[in-house]
Amino acid sequence: MGRIAVAAIVSFWVIPISILVNRVVPEPYMDEIFHVPQAQQYCKGNFKSWDPMITTPPGLYYLSLAYVASLFPGMLTVKAVSFFDVCSTAVLRSTNGVLAVLCSIILYEIITYLRPALDDRKATLQAVVLALYPLHWFFSFLYYTDVASLTTVLAMYLACLKKKYLFSALLGAFAVLIRQTNIIWLIFVACIGVINITLAHRRIGAEVNENHVSERKNDFLTSTSSISVGSNLRKRKSGKAVDKDDISIPSTSSFSATQTSGLLGEIQDIILTSWHMKWGILVSFSPFLLALLAFIAFIHWNGSVVLGAKEAHAISPHFAQIMYVSLFTVLLSPPLHITFGQVATLLQSFWKNRPLSFFQWLFALTVGLLTVHFFSIAHPYLLADNRHYPFYLWRKVIKAHWSMKFLLVPLYVYSWFSIFGILGRTQRKIWVLVYFLATAATLVPAPLIEFRYYTIPFYFLILHSDNTDNRHWLLMGVLYTSLNIFTLMMFLFRPFHWDHEPGIQRFIW
């Protein structure tokens with residue numbers, strides 16, 4: 001029932017807003033001027049045609065072909081209409097509308113899988129609020145790769161959670177075919193799968209050993225109690241034997257569900273258990289390895305990660321992206337991070353581990369200051385294009401004064417410590433580390449500040465938080481709805497013109 005409710009609620013806004021967007025902006029806009037004509041070439045059957053300005057692979061266009069074929073199967077069969085005739089801008093955009101509904105169902109499935117005890121209404125509320133996430137919501141009405149990318153990545157993760165590894169790897173390979181950076185999330189999902197398998201195997205082994213030890217001790221106690229009818233001397237001797245036996249039988253478990261070990265201990269457990277299970281793991285996760293090898297071969301053949309516009313999207317050491325994504329994530333989930341309770345929790349943790357926490361914060365602040373000073377990149381697109389939020393944040397906030405980029409560093413550091421703290425309450429340290437590395441590997445090479453790039457890290461964080469308070473989720477829903485209405489109104493009804501370029505310009509994320 002929950003997934004049907006989620007799909008119905010999301011469809012309730014996807015359908016009318018899609019109609020509104022297509023009525024006000026019927027022609028392709030911004031990146032759509034590349035994606036729509038390219039998809040229409042595929043609709044014509046011209047698969048050799050390729051626009052050199054397109055940076056991503058053709059996965060979205062294949063999805064659109066399958067979608068159009070499912071919409072008009074009869075007419076296409078009798079040749080009453082061609083693919084090209086039905087591949088209009090509105091129809092192509094509706095691909096993402098359908099994917100947005102599908103994505104909301106996948107979100108619901110992941111939420112209920114990760115938290116099986118969660119009430120159905122709460123799971124529905126959380127899935128609907130996450131479907132309102134502004135970067136995901138807005139591009140559900142345009143022909144961009146973002147919605148398809150997120151949907152396939154989350155589907156890959158859900159399949160991996162359910163231990164359907166071959167299907168998960170196939171979904172991951174298709175996610176890479178939609179957007180190249182998804183190779184990082186394919187590796188992330190594979191790593192999480194290995195972590196879950198190895199630590200679960202170790203936990204089961206530990207529980208078996210503990211049960212075996214408990215049975216031995218019970219058998220021993222039964223045998224010693226049977227001779228308690230003897231002399232006082234014999235009673236004293238048997239009592240000593242029990243104490244000795246209790247001391248001499250150690251617990252052989254190295255891990256239990258209630259035991260928390262350090263990062264190095266978790267890594268050691270994973271390595272040892274993985275070696276013990278190496279053939280099973282290799283068989284289960286070989287499809288992920290094949291996808292990775294295929295991607296490496298593609299880079300060797302293409303000479304770059306991106307397909308087109310290689311000069312504008314050259315890999316750069318943009319380490320400041322790590323700072324930006326943390327603060328952006330915190331600002332888009334304030335009930336998790338910007339509360340007295342969360343601040344008090346971090347201060348309590350700092351005070352409890354004073355020497356270590358002091359050096360951790362000092363190190364993080366130092367790295368943050370060096371990062372924003374030496375590895376902050378102002379891409380030409382960022383400086384020239386006033387149709388995006390980052391343009392105004394860069395000029396009005398970060399560049400408002402020479403010191404501002406340094407004054408923001410404590411906020412970046414607080415944001416990451418808050419993120420680590422929230423994930424640390426539900427996930428192992430190795431999980432948090434892999435998440436951080438995947439986020440960094442996705443964002444650092446990107447020279448352009450694009451909030452769209454932060455979407456997948458945001459979803460993995462929120463899905464693994466322990467926030468089940470309906471008030472917090474409703475507050476996030478109100479925040480997202482407000483941002484969505486403002487951005488949509490600006491996009492549709494506040495167009496403007498550039499002096500140096502003809503045509504109507506519109507504000508967009």
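A residue counts as buried under 20% relative accessible area, exposed over 50%, and partly exposed in between (1.4 Å probe, protein chains only). The model is predicted, so local features need pLDDT of at least 70 and side-chain atom pairs count only at pLDDT 80 or more, while totals for chains, interfaces and linings use all residues. Residues are numbered from 1 along each chain as its sequence is written, and side-chain values use heavy atoms, without hydrogens and water.

Of the 509 residues of the protein, 48% are buried. The protein has 25 helices and two strands; these are DSSP runs numbered from the N terminus (helices H or I, at least four residues; strands E, at least two).

One disulfide is present, defined as a pair of cysteine sulfur atoms within 2.5 Å. Cysteine 43 is joined to cysteine 87, with S to S at 1.8 Å. Cysteine 43 lies in helix H2 and cysteine 87 in the loop between helix H5 (83-86) and helix H6 (89-114), so the pair ties together parts 44 residues apart in sequence. The link is left-handed, with -75 degrees about the S-S bond. Cysteine 87 is buried, at 0% relative accessible area. Cysteine 43 is also buried, at 7%. Cysteine 191 is in no disulfide; the nearest cysteine sulfur, that of cysteine 160, is 10.0 Å away. Cysteine 191 is partly exposed, at 31%.

Threonine 56 sits in the loop between helix H2 (32-43) and helix H3 (59-71). Threonine 56 counts as buried because its relative accessibility is 8%. Its contacts (heavy atoms within 4.5 Å), not counting residues up to four places away in sequence, include His35, Trp50 and Leu307.
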